[in-house]
Amino acid sequence: HAKLELAVSTFGYRGLKIAKALGLYLSDELGRRIPVDWPELDPLWAKAGELGVPVAIHTSDPRAFWEPADPLNERYEELSLHPSWSFYGDEYPSRELLLDERDRVIERHPKTTFICVHLANSPEDLDAVDALLRRHKNVVLDISARVPEIGRHDPKRVRAFFIEHQNRILFGTDLGLSRQGLMLGSTGADQPDLDDVKPFFDAHYEFLETDTRDLRHPTPVQGDWSIDGIGLPAEVLQKIYRDNALRVLRIPGRSGTSSSPPAP
């Protein structure tokens, strides 16, 4: 936690990111799995709250990743390309166990803001996400890399969910740059290039801003289905695109009334 304080106070860091390795892969010196709610990590979560920086925490993954990686799996194409993303089998903790561990951390640290990324890694179950938000006032969400799953629900229900929780949802895409190249939500057999970036963002905007039905979702490798737009009001879009992030990241001196970010 001393390094976190140094990063924030000296180098201006505005958050802490915890990857899914915690709970899934990391082990102690005896080879035992380190759970997400490992007590030894409590000082780190507490320090984030003391410093006023959010913890973006990725725990678990899509439900399909815990199912057999065969042609009957709706994410078979993605899992075929990334076999290490499959957590099917007794050697892995269950998805439910991981999420329970995460929730215990959140409950133990009510003064720390947790950004539960990927719609709390439960976009398949809006009721579960709704319950999480109602139970823990220190939780916010982002939608990165989960529009394909969010957009499968009844659009009226999704729209109502976003409007009700409009102060606690952040825009995100999972666009990434690495030595392996460009990632747009996930990676498939074909490597995207810069010409693919604007259509990728446009697909997000169309989902959030229009009532269009049977849309092509942003990341086809994440599932062969269409989604429905939810046509959010301008004032809600302003919060999701911009204002909520400014508040959560405590970025001072910024204001604006635009309902959407500049085009990429």
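**Pockets, strands and a surface patch**

Strand E1, helix H6 (117–120) and helix H11 (234–248) each contribute at least two residues to the lining of the largest pocket. Please bear in mind throughout that this is a predicted model.

Let me stay with that pocket for a moment. Which element provides the largest share of its lining? That is H11, with 3 residues. The space in the largest pocket comes to about 740 Å³. Its lining comprises 33 residues, and those nearest the centre are Lys17, His118, Asp142, Ser144 and Asp174. Sorted by class, the lining of the largest pocket holds 17 nonpolar, 8 polar and 8 charged residues.

I turn now to the second largest pocket, whose volume is about 490 Å³. It is lined by 21 residues, with Leu184, Arg216, Pro218, Thr219 and Pro220 closest to its centre. Two or more lining residues are given by helix H10 (197–209) and by strand E8 (215–216). How many residues does H10, which gives the most to this lining, supply? The number for H10 is 4 residues. By class, the lining of the second largest pocket divides into 10 nonpolar, 6 polar and 5 charged residues.

Next, the strands. The model has an open sheet of 5 strands in the order E1-E2-E3-E4-E5, and the pairing is parallel. At its edges are strand E1 (16–18) and strand E5 (169–170), each of which pairs on one side only. E1 has already been mentioned, as it also supplies at least two residues to the lining of the largest pocket. Within the sheet, strand E2 (residues 55–57) and strand E3 (residues 114–116) run parallel and are joined by 3 bridges. In this pair, valine 55 has phenylalanine 114 of E3 opposite it.

Do strands E6 and E7 follow a parallel or an antiparallel course, that is, which of the two? Strand E6 (residues 175–178) and strand E7 (residues 181–184) run antiparallel, with 4 bridges between them. A hairpin of 2 residues connects E6 to E7, and serine 178 has glycine 181 in E7 as its bridge partner.

Finally, the surface. Which residues form a nonpolar patch there? They are Leu6, Phe11 and Tyr13, and together they have about 360 Å² of accessible area. Of these, tyrosine 13 is located in the loop that lies between helix H1 (2–11) and E1.

Thank you for your attention.

Methods: Residues are numbered from 1 along each chain as its sequence is written. This is a predicted model: local features need pLDDT of at least 70, side-chain atom pairs count only at pLDDT 80 or more; totals for chains, interfaces and linings use all residues. Side-chain values use heavy atoms; hydrogens and water are left out. Two strands pair if DSSP finds at least two bridges between them. Patches are made of residues with over 30% relative accessible area and no salt bridge: like charges are joined within 9 Å, nonpolar side chains (Val, Leu, Ile, Met, Phe, Trp, Tyr) within 5 Å. Accessible areas come from the Shrake-Rupley method with a 1.4 Å probe; for residues, only the protein chains shown count as cover. A salt bridge is a side-chain nitrogen of Lys or Arg within 4 Å of a carboxyl oxygen of Asp or Glu. On a 1 Å grid over the protein atoms alone, a cavity is a set of points where a 1.4 Å probe fits but cannot get out, and a pocket is an open set with protein on both sides within 12 Å along at least five of seven lines; lining residues have an atom within 4 Å of a point. Grid points are joined across faces, edges and corners, and a volume is the space filled by probe spheres set on the points. Ala, Val, Leu, Ile, Met, Phe, Trp, Tyr, Cys and Pro count as nonpolar, Asp, Glu, Lys and Arg as charged, and the others, Gly among them, as polar.
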